[in-house]
Each structure stands twice: as C-alpha cells, then as structure tokens.
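Visitor: I'd like to learn how to read this one. Could you walk me through it?

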Amino acid sequence: MRAWWAQTRAEVRMTIRRGETVLLTLGIPVLLLVFFSLTHVSTVPTGSRVDFIAPGILALSVLSTSLVALSIATGFERSYGVLRRLHVTPLGQRRMIGAKIAGVVVTEVIQVVVLSLVALGLHWHPHGGLAGALTVALVLLLGSAGCAGIGLLLAGRLRAEVNLAASNGLYLVLLLMSGIVVPLSSLPAAVRHVALYFPPGAMADALRQVLTHAGGVSVTDWASLALWALVAPLLATRTFRFD
Amino acid sequence: MSFAIDVAHLQVHFGDRRAVDDVTLHVPYGQVTTLLGPNGAGKTTLVETLLGFRSPTAGTVRLHGLDPVRTHAEVVARTGALLQRGGVWFPMTPAQVMDLTATYYEQPRDPREILGVLGLDSCARTPWRRLSGGEQQRTLLGLALLGRPRVLVLDEPTTAVDPEGRQVIRELIRAERERGCALLITTHELTEAERTADEIVIMNHGRVVAQGSLDALAGDAVVIVDTSQPVDPFELGRRLGCVVTVDGPTRLRCALAASPAQVEIITAYLSEHGATLTNLATRASLEERYLALVADAVRESS
C-alpha cells in the first residue's frame, strides 16, 4: 500500500510537471470548450451550445488523460528503460499499473473541476442533481478504465515513436467520430453506430443524456463502457512488456 | 550446497539463434563472479534470464533457490540489479528516486546514507537528465543496493564512470561481498575483473569457454620480458634453465616463476647484447588469456 501510494503521488507530480501533458489534458479541452461554445462553426441539436459541448468535452478530457497522455508517457518510460528497472524491484506490475490508473483519476478530478468551472462561466446549465452526478462519476470511471486499458495496450507493445503516432492519430479520430464536438447526427450512419461501441463515444452520449437531457444512460452505453473497462485493462496486463 | 545463483544447462534461443547455449554456473553467497565476453557473447541474455525477463528454452535458473519467472516477486525482493538499459524518470533527482524506490522495500537502507557513500550528495537534487553518465550510473547502483539484497546482478557497472567513481564502486563491491552478498558482474573491462573477481567466467557465442579463479585462468607461472631490441631467446633460456619463446618482435616469454636472481640474469644478458629491459610482467595478464581463449573458441566454432 505504501509503495502504491508513493508511486501514485509520483505519477501525479510528474503529470503536472510535464508541459505537453498539461497542454493535452487541460489546454486543448479548455480551448475546444470555449471555441465551440462561443462560435457557430458546427450545428448543435440543443438550444444552448455550451449545454451540448460541455459533456462532450468532459469525455474528451478522459480520452486525453487516460488514453493519450498515459499511453505516450508509459511508452517513453518503456523506451528509456524506466519500466525495465521497475521490473527488477518489488513494486510489481499490478501496483505499477494501479498507480498509473490512480494518477490518471486524480488528474481527471482536477480536469473535471476546471472544465466545469469554465463551462459554468459560459452559462452551462447541467441537469441531473445528485443522482446525475453519481451517474456521471460512474460513467467517467468506467470510461477512464477502458481508455487507460487501450492506452496501456498500445504502450506495452509498440515502440515509443510508433506509439506516439498511434495515440495521437487515435485521439484525432476519436475526437471527430465520437460526438464530442461534432454531433453524431451530422456523421455518416456507419460512423454513428460504431462510435457508441468505443469508450469516448459511449461516454459523450451517456454524459449528454444525463447532463443535457436529464435522462438515463442507455443499456448500449453502459454495456460498451463496462465491457471496455473490463477487457482492455485485462488485455493490457496480459500483454504488457517491460522492455 | 545451496547457491545464491544456480544455473544448470541453460539454453535461451531466439528463433534459430542460440543466445545462451548449455551454460552452467554457480555463485555462492559471499563471492564475486565476473562474466566476461565480447559483444554478442550472451552475457546480457543470461542476466535477463536470471532476472525473469524471459523463460529459459531449456535448463534451469534459480536465484535463492527460486524460479525468477514463477516467483518473480520473492526473487526481486532479495535481489538488486543494475541493468544496462535501466533508466529513471527524467524530471526526478537522485534523492527523489531513492526515496520513492525505498518505499518498494520492507526494510530499506537509508537513501541518504547510500547517496553519501556513492558520493552523490552534491548532485542529489539535480534532475536526472542533467546528471553526468557516471552520476547516473552511481545512482542506478544505489537503487540496486536499497533493498539490502542477498544477490546483486550488475551489468557493466563501471561504464561511463570516472576513476574516482570506479574506486567507490570497487569498495562497494568488496563491502557487499563481506556482508555475504553474492555478486554477478558483467564487464568488458578486464582490469576491473582482475581487481574485484573471485571467480571469472568467460563466455563466447553463448557458451562458457573458461571458468575459474584469476590465477587458474591466467595459467602457469611465466615471466614476460619486453626489450628495447630483439635478442636470441635460446641463449637466454639456456642461462635461465627454462623454455623461452618469442611472443612478438621485442617480447620474450620465460616459463618460470620470477625471482630477484633470475631478473638479474635477464638484465645482465640484455646488457651484454646492447639491449635494455623496457617492461617485465610476472604472468600473462587476464587480457592476454582472455583474447587467447576467445580466439580459440572462434577457431573451434569455425
């Protein structure tokens, strides 16, 4: 427990100190939130632009931290031999991955607070009350686990440079096809259906159902989020290579 | 007898290539064993197999009597390792990474004490990326020592380390041996092996080509004489009462144990023939023996 906690604190400290990670996890989401809320470059299905954009940006923040930032940082740690050295210490694979996921959760709490404050400043009116907040927390947690699993799956197998390109490419594709800033209704039917089977699409849809429409999360979204949250980390643990 | 490191008929194959081929090696507690060999000899593959990075293709590997893959957690809790390509997070300082790594162990050594012993006090708060190669290497060695290991596996510990740093590392190696720790050290630097090893293992093409103490490997007593100009070896051999062979244009190899009287005969003989003694060694250096063994192995394999 002591090792896991110390490692988690170290992970958070390093995340906060990495400029490019701060840009990816906070800078870009804040920029997109403000830009798409204040401009009319895309059509949104709700009356208030920020009411549509804010839940999508919360999903994007999870995608940025759990998948992209985690994957790139872990990939380079592998490339620089950090993971190789950790392999010959008693920290162990489970505690190492557990610390990384805990570090991601802490970062995401900071992201959600900052993004919510910015969105509220743009006149966001979230719905759902306490039950809605709990549902949102569960959606973000499941989405985070799924995205982290995918990120570690890439980082644990690919060369750092290939992983960097793959993670950034995936970020762009998922940003555009998951209904985060572009409504799913504007996308081709095939993309629309596929999007909900990936964590960012399911998260954006579920968060919008709760926070924008004061409704419940669909069975498809829960099933998609739960399946990724279970399978991706398991696969990552099984296939992860330290060197 | 229970060995700290016990390797029996180990084979590690990468496809058709035999990186390690039928290696048997035993290291008792309180002994320094140095693994020598050219690049591609299989040293690092052997070390990585010992540390559980890969499973043997055939044969067995045990550390503290335990399988390093199946009981990895138990093995690494009692083993310290310095890897060739082992790194530290770039923004971290030696003090920070020492403190963090100390939390992994149940009864770690005091990180401050290790930093002091390794001469890292002055750079303890310098980020990793700004440390010199020698400072990084000493920090990695310190990390390997944190858990009070009973086995230390050090892959090229003196690489990029300055002479003062090497002396510190040598003293640490001796102290760990005195503490009863078993040490397996790989190195290209034969002089380091000569200074610290109790047992030397020479590998080439994945196989052990020689194994033994420094004295055993260096061979029979011999006096190597370097002269300012060529001289007749047969006449010198007659005067010394031993076989003298030519080992280069101005080098003679006399098959005898050195004594002041014989050195006097040699200098007098050279003086008579207008030559001077430029160097005198009392036995073949480990380097000469090593090169000969590796060359023999290459000839046999081809």
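Guide: Let's start with a helix on a sheet: helix α6 (residues 163–178) of chain B lies across β3, β6 and β7 of chain B, running at about 150° to β7(B). This is a predicted model, where local features need pLDDT of at least 70 and side-chain atom pairs count only at pLDDT 80 or more, while totals for chains, interfaces and linings use all residues. Residues are numbered from 1 along each chain as its sequence is written, with chains lettered from A and ligands numbered from 1 in the order in which they are written.

Visitor: How are helices, strands and angles defined here?

Guide: Helices (H or I, at least four residues) and strands (E, at least two) are DSSP runs, numbered from the N terminus. Axes are lines fitted to C-alpha atoms, for helices over the stretch in contact, and angles run from 0 to 180 degrees between N-to-C directions. Contact itself asks for C-beta atoms, placed from the backbone, within 7 Å. Another helix to look at is α1 (residues 43–50) of chain B, lying across β3 (32–36), β6, β7 and β8 (199–204) of that chain at about 145° to β6(B).

Visitor: In what order do the strands of the sheet in chain B run?

Guide: Strands pair if DSSP finds at least two bridges between them. Here six strands give an open, mixed sheet in the order β5-β6-β7-β3-β8-β9 (chain B). β5 (79–82) and β9 (207–212) of chain B are the edges, each with a single partner strand, so one side of each has no neighbour in the sheet. From one strand to the next, the twist averages 15°.

Visitor: Which sense do β6(B) and β7(B) pair in, parallel or antiparallel?

Guide: Parallel: β6 (residues 151–155) and β7 (residues 182–187) of chain B share five bridges. Look for B:D155, which stands opposite B:T186 in β7(B).

Visitor: What about helix against helix: at what angle do α3(B) and α5(B) pack?

Guide: Helix α3 (residues 94–102) and helix α5 (residues 133–145) of chain B pack at about 15°, their axes 10 Å apart. That makes α3(B) roughly parallel to α5(B) (the label covers angles under 35 degrees). Touching residues are B:P94, B:V97, B:M98 and B:T101 from α3(B), and B:T139, B:G142 and B:L143 from α5(B).

Visitor: And how many residues does each chain put into the contact between A and B?

Guide: Chain A brings 18 residues and chain B brings 18 residues. On the chain A side, α1 (2–17) and α4 (82–87) each supply at least two residues, and α1(A) gives the most, with six.

Notes. Two residues are in contact if their C-beta atoms, placed from the backbone, lie within 7 Å. Angles under 35 degrees count as roughly parallel, over 145 as roughly antiparallel, 65 to 115 as roughly perpendicular and the rest as oblique.
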